[in-house]
Amino acid sequence: MRANRKYFWMLPLVMAAGLAACDDDPAVVLPDPVNEAEVLVEYMEANADYNTHGGFVIKATDVRTNILTNANQYVIDMRAAEHFSAGHIEGATNVAWGDLVNHLESINADSYDVIVLACYSGQTAAYAAGILRAAGYGNVKSMKWGMSSWGEPTSSPWMNGRSNSRAAQFVTGPSPAMNAEGELPELNTGFETGPEILASRVATVLSEGFGAAKKTNADIFDNLDDYYIINYWPTALYETTGHIPGAIQYDPATRPFDLDSFLKTLPTDKPVAIYCYTGQTSAYLSAYLRVLGYDAKTILYGANGMIYDRMVADGVANAFDPGHDIMNYAYKY
């Protein structure tokens, strides 16, 4: 998919004109309109496997090892300039959200084995990675836990992001049924091929920024009926550790967002709110679904921000552990 990336970004300035025909010519047969969403999904599934999503993450330990071994790595720090100046990873370049694509093109991104995106908590970077990997940058990865994992001076986002505020509201038991299968979102980019439609959708989602996709758990709990809430966990955890009331379980093992799995059960008439353990995978998946045209939202900090102590007690993966996940590596200034 990376080989086609430059084609994605060179969108035509004008659409090619169709064959002219008189309205009263009975011999003219107009083609059926293109189902853009179907074309896009089929193209994406043939060129990028989003359900093997673990590949978009890189740990701080691996980033540092790459530095020490002079690996072919490029680090982009997405934080505000003043925070970057106060301490960053050796060799990192500070790049704002709106400059990501131009910067990647300027450095010849294909020449690197891995391009690391680092933000405060790993959630903005995961969302950006989802979009950029869709655009063909398959070597882009998000640093797990963000700069919170690099060292104690930058750990406050995750130190403060953990919470038990929803522990009394989580419920246990089987999942409600998924929606019946419906239609894919209606896309109107004006293009007909997978690469063209994808380029248009990537540009749109990038222009919206992460703000269009992120929700706090308070946003969700204050308006539970306004969202189609997805719990992205295995069945055992969903039923025993618990879940947001009304949340519907989409087991990662089922590849639920494939066209031949459960993608069409997602509604197109209301927002889809996804939560995982940390908010990082849900951010990544939300980016993918937004490119497809869904109004997908990620719940910030995931279960860590709602039932942290229960996660620890139940041995749930990816509960942020300061003693294990804050590495205290050196900073550059």
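Q: Is Tyr250 buried or exposed?
A: Let's start with the idea: a residue counts as buried when its relative accessible area is under 20%. In this predicted model, Tyr250 has 0% relative accessibility, so Tyr250 counts as buried.

Q: What share of the chain's residues count as buried?
A: Of the 333 residues, 51% count as buried. The accessible surface of the chain comes to about 14,900 Å², and 51% of that surface belongs to carbon and sulfur atoms.

Q: How are the rings of Tyr250 and Phe257 arranged?
A: For a ring pair, look at the centres and at the angle between the planes; planes under 30 degrees apart count as stacked. Here the centres are 6.0 Å apart and the planes meet at 20°, so Tyr250 and Phe257 are stacked. Phe257 is buried as well, with a relative accessible area of 1%.

Q: Which residues do ring pairs link into a cluster?
A: The cluster is made of Tyr228, Tyr232, Tyr250, Phe257 and Phe262. By the same rule, the count comes to 17 aromatic pairs.

Q: How should I read the five-stranded open sheet?
A: Strands of a sheet pair through backbone hydrogen bonds, either parallel or antiparallel. In this sheet the order is 1-5-4-2-3, with parallel pairing. Strand 1 (57-58) and strand 3 (93-94) are at the edges with a single partner strand each, so one side of each has no neighbour in the sheet.

Q: How many bridges join strand 2 to strand 4?
A: Five bridges join strand 2 (residues 73-77) and strand 4 (residues 114-118), which run parallel. Helix 6 (residues 123-134) lies across strand 4 and strand 5 (140-143), and runs at about 170° to strand 5.

Q: Which residues lie on each side of strand 9?
A: In a regular strand the side chains alternate between the two faces of the sheet. For strand 9 (residues 272-275), Val272 and Ile274 lie on one side, with Ala273 and Tyr275 on the other; all are buried, and both faces are covered.

Q: Which strands does strand 9 pair with?
A: Strand 7 (residues 228-231) pairs with strand 9 in the parallel sense over four bridges; Tyr228 has Val272 as its bridge partner. Three bridges join strand 9 to strand 10 (residues 296-299), again parallel, and Ile274 stands opposite Thr298. With helix 11 (residues 280-292), strands 9 and 10 make a right-handed β-α-β unit.

Note on methods: Residues numbered from 1 in each chain as written. Predicted model: local features only at pLDDT ≥ 70, side-chain atom pairs only at ≥ 80, totals over all residues. Heavy atoms only, no water. Buried < 20%, exposed > 50% of the residue type's maximum accessible area, 1.4 Å probe, protein only. Areas by Shrake-Rupley, 256 points an atom, 1.4 Å probe, with all protein chains shown as cover. Pairing = 2+ DSSP bridges. Helix = DSSP H or I, 4+ residues; strand = E, 2+ residues; numbered from the N terminus. Contact = heavy atoms within 4.5 Å. Axes fitted to C-alpha atoms, helices over the stretch in contact; angles between N-to-C directions. Right-handed = clockwise from strand over helix to strand, strands pointing away. Phe/Tyr/Trp six-rings, centres within 6.5 Å; stacked < 30°, edge-to-face > 60°.
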